[in-house]
Amino acid sequence: MIFEYFPDTDTLYISFRPGPGADAAEVAPDVIFDYDADGNVIGLTVEHASEHADLTSLSVTRIPPLAA
């Protein structure tokens, strides 16, 4: 999973899995899901991110163990 913030557009993108997007849909105001060709969600865009989230820190808990 990759988090990318673009300050020039105040956009946060969270990539769940690599691969090309085939479709996108706004599921809530300023929240867009990106889908692959099979209809799986592969990413999430939050427009005007600083209005919706505290971007000053990132805390991660309960990360699954990496496969050996």
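Modeller: Five of the seven residues of strand β5 (residues 41–47) are buried, so this strand is largely enclosed by the rest of the structure. Buried here means under 20% relative accessible area, with exposed over 50% and partly exposed in between, for a 1.4 Å probe and protein chains only. This is a predicted model, in which local features need pLDDT of at least 70, side-chain atom pairs count only at pLDDT 80 or more, and totals for chains, interfaces and linings use all residues. Residues are numbered from 1 along each chain as its sequence is written, and side-chain values use heavy atoms, with hydrogens and water left out.

Helices (H or I, at least four residues) and strands (E, at least two) are DSSP runs, numbered from the N terminus.

Two partners of β5 can be described. Strand β2 (residues 11–15) runs antiparallel to β5 and is joined to it by five bridges; two strands pair if DSSP finds at least two bridges between them. Within this pairing, Thr11 lies opposite Glu47 of β5. Strand β4 (residues 31–35) is also antiparallel to β5, again with five bridges, and Asp34 has Gly43 of β5 as its bridge partner. The hairpin of β4 and β5 has five residues between the strands, and Gly39 there adopts a positive phi near 85°.

For the protein chain as a whole, buried residues account for 25% of the 68 residues.
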